[in-house]
Amino acid sequence: MHLKVPAGLDRKEAEVYSRLHPERLPQHIAIIMDGNGRWARRRHLPRIAGHRAGVAAVRSVVETAARIHIPSLTLYAFSEENWKRRPRTEVSFLMSLLQRYLKAEVPTLNKNNIRLEYIGRQHELSSDVQDRMAWAREATGHNTGMTLTLALNYSARTEIVDAFNSLLAMAQQNGGVAHLEVDEEAIARHLYTRHLPDPDLVIRTSGEMRLSNFLLWQLAYAEIYVTPTLWPDFRGLHLLEALAEYQKRERRYGGLVEDHGNGIPSRQGKH
Ligand code: FPP
């Protein structure tokens with residue numbers, strides 16, 4: 001047993017948690033929530049039933065992450081492509097689901113000391129959705145525990161385009177582009193995620209091995225964990241299992257394996 005189990009975990013969660021190293025928990029976990037449609041199809045239900053069931057998974061994962069004191073959790077809720085490529089009826093269902101989620105969840109977020117943030121082009125969403133989002137952000141703005149960031153109408157490439165334009169606009173206000181100095185820190189300060197450290201771990205449910213235009217800059221050194229579990233079936237226990245797997249990995253950030261007992265670093269693997 002490495003550590004005291006936090007309150008609120010059930011027996012199975014506590015068992016997995018007790019094998020984790022608290023000092024090596026990720027500071028930021030990002031999740032690509034996928035498989036709602038497949039979950040519904042397997043049950044001969046409409047796709048929207050999968051999205052509705054996905055909300056229970058969101059609740060469970062958010063609560064467990066907060067209980068084990070993960071500082072930042074980012075959920076890929078709706079991509080920019082989702083809006084363009086899905087039927088209108090599905091998109092408007094997802095919108096109303098989001099609005100209901102925000103209204104219903106604020107008391108629980110406050111109880112768990114969770115602050116809500118968003119990334120993505122919010123101004124392209126309808127004004128009532130934007131209003132509800134702003135209300136929920138404000139209502140949780142005083143919390144000091146986990147930052148829960150919802151990626152809504154999000155695209156990583158669009159984020160990078162917006163960052164470049166934001167850098168240029170700043171330069172124009174400060175004496176013109178001749179003075180513009182661009183380095184990694186400058187770019188990171190203009191990304192939507194400027195309030196967050198880069199994710200240490202990205203989880204994707206339902207088996208696809210893709211990043212799907214999610215946090216392409218920020219995931220440069222993240223560990224990738226893909227599970228066949230469909231999002232509506234994913235719970236806090238699955239998150240803890242992902243953390244157990246994460247802690248087995250060795251993160252090198254492009255360096256060499258440190259210690260083999262002979263003081264000579266291994267030359268295997270450059271990534
Ligand atoms: C991917 O499944 C999921 C989405 C596009 C929407 C995610 C939404 C939720 C989990 C519920 C609402 C979330 C919040 C934060 C209120 P898919 O439809 O692409 O599944 P498929 O690949 O099996 O078709």
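Leaving aside its neighbours within four places in sequence, with which residues is Leu 75 in contact? The first legend below gives the answer. This is a predicted model, in which local features need pLDDT of at least 70, side-chain atom pairs count only at pLDDT 80 or more, and totals for chains, interfaces and linings use all residues. Residues are numbered from 1 along each chain as its sequence is written.

**View 1. Leu 75 and the largest nonpolar core.** Leu 75 is in contact with Ile 31, Met 33, Val 58, Leu 150 and Ala 151, apart from its neighbours within four places in sequence; contact requires C-beta atoms, placed from the backbone, within 7 Å. The largest nonpolar core has 57 residues, of which Ala 65, Leu 75, Tyr 76 and Ala 77 touch the most other members. Such a core is a set of buried Ala, Val, Leu, Ile, Met, Phe, Trp, Tyr and Cys residues joined through C-beta atoms within 7 Å. A residue is buried if 20 or more other C-beta atoms lie within 10 Å of its own, exposed if 12 or fewer, and partly exposed in between. H3 gives the most to this core, with six residues. Helices (H or I, at least four residues) and strands (E, at least two) are DSSP runs, numbered from the N terminus.

**View 2. The shell around the ligand.** Among the 21 residues around the ligand, Asn 36, Gly 37, Arg 38, Gly 54 and Tyr 101 come nearest; a residue is near if its C-beta atom, placed from the backbone, lies within 6 Å. Two or more residues of the shell come from each of helix H2 (36-42), helix H3 (47-67), strand E2 (72-79) and helix H5 (88-111). H3 gives the most, with five residues. The shell has eleven nonpolar, seven polar and three charged residues. Ala, Val, Leu, Ile, Met, Phe, Trp, Tyr, Cys and Pro count as nonpolar, Asp, Glu, Lys and Arg as charged, and the others, Gly among them, as polar.

**View 3. Helix H5 and its bend.** H5 has 24 residues and reaches 35 Å from its first C-alpha to its last, close to the expected 34 Å, which is 1.5 Å times one less than the number of residues. H5 bends by about 45° at Glu 105, and Pro 107 follows within four residues; the bend is the angle between axes fitted to the seven residues ending there and the seven starting there. The buried residues of H5 are Leu 94, Leu 98, Leu 102, Glu 105 and Leu 109. An α-helix has 3.6 residues a turn, so residues three or four places apart point the same way. The cover over the buried residues of H5 includes H3, E2, strand E3 (115-119) and helix H6 (127-140). Just after H5, Asn 113 takes a positive phi of about 60°.

**View 4. Trp 39 in helix H2.** Trp 39 is buried because 24 other C-beta atoms lie within 10 Å. Leaving aside neighbours within four places in sequence, Trp 39 is in contact with Gly 50, Ala 53, Leu 230, Pro 232 and Asp 233.

**View 5. Leu 196 in the loop between helix H8 (184-190) and E5.** Leu 196 counts as buried, with 22 C-beta neighbours inside 10 Å. Beyond its neighbours within four places in sequence, Leu 196 is in contact with His 28, Ser 72, Thr 147 and Thr 149. Leu 196 and His 28 are 168 residues apart in sequence, yet 7.9 Å apart in space, C-alpha to C-alpha.

Technical notes:
Contact = placed C-beta atoms within 7 Å.
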